[in-house]
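Please open the structure in your viewer and keep the selection tool at hand. The tour goes from the whole chain to single residues.

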Amino acid sequence: MTHIPHLGFIVAAYAIAVVVILGMIGAVWWDYRDLLGRLARLESERERPR
C-alpha cells in the first residue's frame, strides 16, 4: 500500500464523525423511549374515572 499523506487525520476524522452520529442516534432513541413512557402514563391517567 502506498503512503497516503495525512492518513491518520483522515481516519481520525471519520472515527469522530461516526462516534458523533451514533451519539446523536442514541440521544434521539433515548428521548423517544422517554416520551413513549410519559405518553403511556398520561393516557393511563386520562382513562381513570374521576
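The stops below say what to select and what is there.

**Whole chain.** Select everything; this is a predicted model. The secondary structure comes to one helix and zero strands. The radius of gyration is 22 Å, well over the 10 Å that the globule rule gives for 50 residues, so the chain is more spread out than a compact globule. Along the principal axes, the C-alpha atoms fill a box of roughly 75 × 15 × 5 Å.

**Surface.** Now show the surface of the chain. Its accessible area is about 5,200 Å², and 69% of that belongs to carbon and sulfur atoms. Buried residues make up 0% of the 50 residues, where buried means under 20% relative accessible area.

**Nonpolar patch.** Next, select Ile4, Leu7, Phe9, Ile10, Val11 and Tyr14, which make a nonpolar surface patch of about 610 Å². Stop at Leu7, found in helix α1, which covers residues 7–47. Is Leu7 buried or partly exposed? Leu7 is partly exposed, as its relative accessible area is 34%.

**Charges.** Colour the charged side chains: 6 are positive and 5 are negative. The centres of these two sets lie 3 Å apart. Side chains of opposite charge can pair when their charged atoms come close.

**Salt bridge.** The structure holds one salt bridge. Which residue forms a salt bridge with Arg38? Select Asp34: the closest N and O atoms of this pair are 3.2 Å apart. Arg38 and Asp34 are four residues apart in helix α1, so about one helical turn separates them. Asp34 is partly exposed, with a relative accessible area of 31%.

Note on methods: Residues numbered from 1 in each chain as written. Predicted model: local features only at pLDDT ≥ 70, side-chain atom pairs only at ≥ 80, totals over all residues. Heavy atoms only, no water. Helix = DSSP H or I, 4+ residues; strand = E, 2+ residues; numbered from the N terminus. Rg over C-alpha atoms; globule rule 2.2 N^0.38 Å. Buried < 20%, exposed > 50% of the residue type's maximum accessible area, 1.4 Å probe, protein only. Areas by Shrake-Rupley, 256 points an atom, 1.4 Å probe, with all protein chains shown as cover. Lys, Arg positive; Asp, Glu negative; His and termini not counted. Charge placed at Lys NZ, Arg CZ, Asp CG, Glu CD. Patch = residues over 30% accessible without salt bridge, like charges linked within 9 Å, V, L, I, M, F, W, Y side chains within 5 Å. Salt bridge = Lys/Arg side-chain N within 4 Å of Asp/Glu carboxyl O.
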